[in-house]
Amino acid sequence: MQLLTPEGTRLEHPDFHWDGSGDDLRGRLRDMWLGRRFDQEATALQRHGELGLWPPQLGQEAAQVGAARALAPADHVFPSYREHTVAMVLGIPMTQILALFRGCDAGHWDMQDRFRTYGIVIGAQVLQAVGYAMGLQLDGLVGADDESRNEAVMAFHGDGASSQGDVNEAYVFAASYQAPVVFFCQNNQWAISEPIALQSRIPLYQRARGFGFPGVQVDGNDVLAVEAVSRWAMDRARRGDGPTFIEAYTYRMGAHTTSDDPTKYRQAAEEEQWRGRDPISRLITHLRSIDEIDDAHLARLEEEADELGASTRASIAGLRDVDMEELFAAVHAEPTVSLASQQRQYTDFQSGFEED
Ligand SMILES: Cc1ncc(C[n+]2csc(CCOP(=O)(O)OP(=O)(O)O)c2C)c(N)n1
Ligand SMILES: [Mg+2]
């Protein structure tokens, strides 16, 4: 499904529509632009030794902005570890995410928050998302006549995660219980060094049919198409019509993480081909063609991005060092025997040094 070609031409689709003003289009551009800048700053901060690791989302801006813009205020998000632009669009404090990758936060975000803690264990959040969605049903928050009461869940996962057992169990439960969940799969063509061709013999969206719910493949670099499909799927879920699988067909333009070197396993020609499908430049081309943007607007956007970059760098100074005692205390309400033993080992290790 596509509403905006890589050349910036608007298409119509019989089932999916995106109707918005010039302001709305510029708003999507701003989200993608700032999301990209934050991600670039965080990547650079890792290179400066300020973060332990960073998973770049370069190239996936349209998929993330489209998905985030389709959410209603009461919807819930279960992310993996690359949804930085989703977090930004939802207004999550980005220092929270930097703190996690600096290793100075135990991940104890407010679990009542609609954007759950990043999950590094591949696919685990998808089961949690379905469990949560089933809970919404039990609470009577799905399919109510008063539509404003209804809530749904969006579960983010990758193409690689779709092979994980947990994720397939989640699909089965979601289908059996008609849970109000949208599986938003960013097929960025790679699971670290494993290409999608090894991951699945058929397009991922076709798998959904076997589980018993609709699957839609959308151009993940087309923000309008992603938003239209996501809105439709979330509306279905809230109404009580069950789960949907969305395959956002996109590309991870950067490395898997800052510990990865993609030149070891993929060809420069492939990267070049995807650069021609850049989600940001196609929206700019479209905006120019309908005379809804000019150079002055883009210059202001760049200024705003510079300010975001500066505040992102400055925010690192405000992050406190990790307190290991606090980390041990945050695992369980009562420490287990093995945890207490690990803590003793750590204390012994620390006392082997002369200085703090
Ligand atoms: C259970 C588990 N197995 C393996 C890993 C190591 N691992 C980290 S990312 C990754 C690949 C995930 O690929 P995909 O689902 O396509 O997401 P992407 O990184 O492309 O966004 C793997 C195997 C892990 N974190 N958790
Ligand atoms: Mg992937």
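This is a predicted model: local features need pLDDT of at least 70, side-chain atom pairs count only at pLDDT 80 or more; totals for chains, interfaces and linings use all residues.
## Two residues with positive phi

Most residues other than glycine have a negative phi. Ile-192 is not a glycine, yet its phi is positive, at about 50 degrees. Ile-192 belongs to the loop between β4 (190–191) and β5 (194–195). With a relative accessible area of 42%, Ile-192 is partly exposed.

Asp-291 likewise has a positive phi, of about 60 degrees, although it is not a glycine. Its place is the loop between α11 and α12 (295–317). Asp-291 is exposed, because its relative accessible area is 68% and exposed residues are those over 50%.

His-256 is located in the loop between β7 (244–249) and α10 (268–275). Its relative accessible area is 13%, and His-256 is therefore buried.

Which residues does His-256 touch, not counting residues up to four places away in sequence? They are Pro-55, Pro-56, Tyr-81, Arg-82, Ile-192 and Tyr-265. Among them is Ile-192, described above for its positive phi.

## The pair of helices α1 and α11

Two packed helices are described by the angle between their axes and the distance between the axes. For helix α1 (residues 22–47) and helix α11 (residues 279–289), the axes come within 10 Å and cross at roughly 155 degrees. Angles over 145 degrees count as roughly antiparallel, and α1 and α11 are therefore roughly antiparallel to each other. Their crossing is left-handed.

On the side of α1, the contact is made by Gly-22, Leu-25, Arg-26, Arg-28, Leu-29, Met-32, Trp-33 and Arg-36. These residues meet Pro-279, Ile-280, Leu-283, Ile-284, His-286 and Leu-287 of α11. The residues of this contact comprise 9 nonpolar, 2 polar and 3 charged ones.

Methods: Residues are numbered from 1 along each chain as its sequence is written. Chains are lettered from A and ligands numbered from 1 in the order in which they are written. Side-chain values use heavy atoms; hydrogens and water are left out. Axes are lines fitted to C-alpha atoms, for helices over the stretch in contact, and angles run from 0 to 180 degrees between N-to-C directions. Helices (H or I, at least four residues) and strands (E, at least two) are DSSP runs, numbered from the N terminus. Angles under 35 degrees count as roughly parallel, over 145 as roughly antiparallel, 65 to 115 as roughly perpendicular and the rest as oblique. A crossing is left-handed if the near helix is turned anticlockwise from the far one by less than a right angle, and right-handed if clockwise. Contact means heavy atoms within 4.5 Å. Ala, Val, Leu, Ile, Met, Phe, Trp, Tyr, Cys and Pro count as nonpolar, Asp, Glu, Lys and Arg as charged, and the others, Gly among them, as polar. Buried means under 20% relative accessible area, exposed over 50%, partly exposed in between (1.4 Å probe, protein chains only).
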